Amino acid sequence: MAKFFRAAVLGPPGSGKGTICKRIAHSFGLQYLSSGHFLREGIAADTEAGVLAKSYIERGMLVPDQVMTRLMLPKLEQLRNHSWLLDGFPRTLAQAQALNNLYQMDLVINLNIPYETLKERLSDRWIHPASGRVYNMGFNPPQVQGKDDVTGEPLIQHDDDKPEALMARLRHYKEVAKPVIDLYK
Ligand code: AMP
């Protein structure tokens with residue numbers, strides 16, 4: 001039987017996880033699966049997972065593990081004959097354990113970025129809420145200030161990307177991610 005490659009990238013908000021994952025997936029011909037993307041898609045299409053997830057995402061909170069595993073594991077099942085790279089899943093120990101019960105991971109990359117860098121990036125981050133497109137006013141600004149490149153709609157800054165909320169958010173990330181990182185070590 002052919003051997004398929006199973007990989008995931010872990011990293012705090014602002015680590016550039018999405019950008020890096022897309023590049024790796026493209027370079028190595030892996031199927032790219034982003035949990036955040038599936039959630040936003042679900043919200044736009046009013047699916048069960050989308051409806052459940054919406055209020056959590058809007059508050060900058062993690063979506064419950066059960067919702068996430070029910071969303072992600074069937075997608076992986078559909079791709080069982082492909083090599084894949086996960087972006088944003090697993091994010092908690094319960095998710096990692098659910099994934100481990102089904103697949104043996106070949107590679108898990110943990111992006112370790114200094115706090116000062118994350119703070120700088122996140123406080124410069126603006127988002128187009130409908131699509132999830134992310135801009136950075138420093139190194140990836142929109143063509144027209146404050147407007148999404150594709151739709152022209154206004155960009156917003158998440159309350160939890162504002163400097164006051166950042167420290168708490170990154171601390172929370174560390175607490176939740178530590179057992180996941182320990183598991184894969
Ligand atoms: P992302 O695009 O990966 O930054 O995800 C956007 C938002 O979706 C996160 O801030 C969480 O609220 C939610 N989310 C994405 N993936 C997960 C996950 N594996 N577990 C819980 N919540 C998630």
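Which residues of the largest nonpolar core touch the most other members? I opened my notebook with that one.

**Ground rules.** I am working with a predicted model, where local features need pLDDT of at least 70 and side-chain atom pairs count only at pLDDT 80 or more, while totals for chains, interfaces and linings use all residues. Numbering runs from 1 along each chain as its sequence is written, and side-chain values use heavy atoms, with hydrogens and water left out.

**Core.** I looked for buried (under 20% relative accessible area, 1.4 Å probe, protein chains only) Ala, Val, Leu, Ile, Met, Phe, Trp, Tyr and Cys residues joined through side-chain atoms within 4.5 Å. The largest such core has 21 residues, and Leu33, Met72, Leu76, Trp84, Leu86 and Leu99 touch the most other members. Among the elements giving two or more residues to this core I noted helix H4 (65-78) and strand E3 (84-87), named from DSSP runs (helices H or I, at least four residues; strands E, at least two) and numbered from the N terminus. H4 gives the most, with 6 residues.

I then checked polar contacts (N or O atom pairs within 3.5 Å). A polar side-chain atom of Ser35 sits 2.7 Å from a ligand nitrogen. Met61 has a polar backbone atom 2.6 Å from a ligand oxygen, and for Val63 a polar backbone atom is 3.0 Å from a ligand nitrogen.

Methods. Buried < 20%, exposed > 50% of the residue type's maximum accessible area, 1.4 Å probe, protein only. Polar contact = N/O pair within 3.5 Å; in protein donor to acceptor, adjacent residues only side chain to side chain.
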